[in-house]
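Biologist: I should like to learn how to read a model of this kind, feature by feature. Shall we begin once the sequence and structure are in view?

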Amino acid sequence: MESRGSVPARPLPYEGVWRFTAPALDVSVPQARHAVRDLLNRQGVPVEDDLVQGLLLIVSELVTNAVRHAALLSPEIAVEVAIGAEWIRVSVEDNHPYRPKALEADYGQTGGRGLLLVREITLEAGGSCDVEHTASGGKIIWAALPLKATGATVPLQ
């Protein structure tokens, strides 16, 4: 049934926002990935497997970056998952003030390409990603992916 006038439509059963915190330790990377996957399954989010795999890789990269680069100033990180009718957004928040930028591919190095990977996965899915400062001086790095492919993209700088 359609919603008419100013009466809002009922949210779909899988819509909502979930947030959890974790210590800025290596063990939190797989725990965050599993928590997000379990949330998607539990809520019955209609998402294709390719998108889930990309989303979980984004979560792994963002949590890894927070653990490796922000732990000194941020012993705890926060992971947030927001799910709408047509999109899903994951974000990782820490208290470190440095705003990272995606590096260019240097295949001679074994690391340092996490944000580049996040940007590429996001662009391929038709989503957007960015880094924002928090009021407390930290940052939130987020990626939003459509549940169905669109064409609009905003690259992480």
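Biologist: What percentage of the residues in the protein chain is buried?

Modeller: Burial is judged from relative accessible area: buried means under 20%, exposed means over 50%, and partly exposed lies in between, with a 1.4 Å probe and protein chains only. Here, 43% of the 157 residues in the protein chain are buried. This is a predicted model, in which local features need pLDDT of at least 70 and side-chain atom pairs count only at pLDDT 80 or more, while totals for chains, interfaces and linings use all residues. Residues are numbered from 1 along each chain as its sequence is written, and side-chain values use heavy atoms, with hydrogens and water left out.

Biologist: What average pLDDT does the protein chain have?

Modeller: pLDDT is the predictor's confidence in each residue, on a scale from 0 to 100. The protein chain averages 86, and 82% of the residues score at least 70. Over residues 149-157, however, pLDDT stays under 50. Where pLDDT is low, the predicted coordinates should not be read in detail. The model has 23 contacts for residues 149-157 beyond four places in sequence, a contact being heavy atoms within 4.5 Å.

Biologist: Which residues does V67 touch beyond its neighbours up to four places away in sequence?

Modeller: V67, a residue of helix α2, touches A24, L25, D26 and V29. The C-alpha atoms of V67 and V27 are 9.5 Å apart, although 40 residues separate them in sequence.

Biologist: Why does V67 count as buried?

Modeller: V67 counts as buried because its relative accessible area is 9%. Q53 also lies in helix α2, but Q53 counts as partly exposed because its relative accessibility is 43%. From Q53 to I121, 68 residues away along the chain, the C-alpha separation is 9.9 Å.

Biologist: Is L116 buried or exposed?

Modeller: L116, which lies in helix α3, is buried, with a relative accessible area of 11%. Its C-alpha atom is 9.9 Å from that of E61, 55 residues away in sequence. In the loop between α3 and β4 (128-133) lies G126, which is buried at a relative accessible area of 10%. G126 and P146 are 20 residues apart along the chain, with 6.7 Å between their C-alpha atoms.

Biologist: What volume does the second largest pocket have?

Modeller: Rolling a probe the size of a water molecule over the atoms shows where empty space is left. On a 1 Å grid over the protein atoms alone, a pocket is an open set of points where a 1.4 Å probe fits, with protein on both sides within 12 Å along at least five of seven lines; lining residues have an atom within 4 Å of a point. Grid points are joined across faces, edges and corners, and a volume is the space filled by probe spheres set on the points. The second largest pocket has a volume of about 320 Å³.

Biologist: Which elements give two or more residues to its lining?

Modeller: They are α2 (49-70), α3 (114-125) and β5 (139-146), with α2 supplying the largest share, 5 residues. Of the 15 lining residues, E48, D50, L51, E124 and A125 lie nearest the centre of the pocket.

Note on methods
Helix = DSSP H or I, 4+ residues; strand = E, 2+ residues; numbered from the N terminus.
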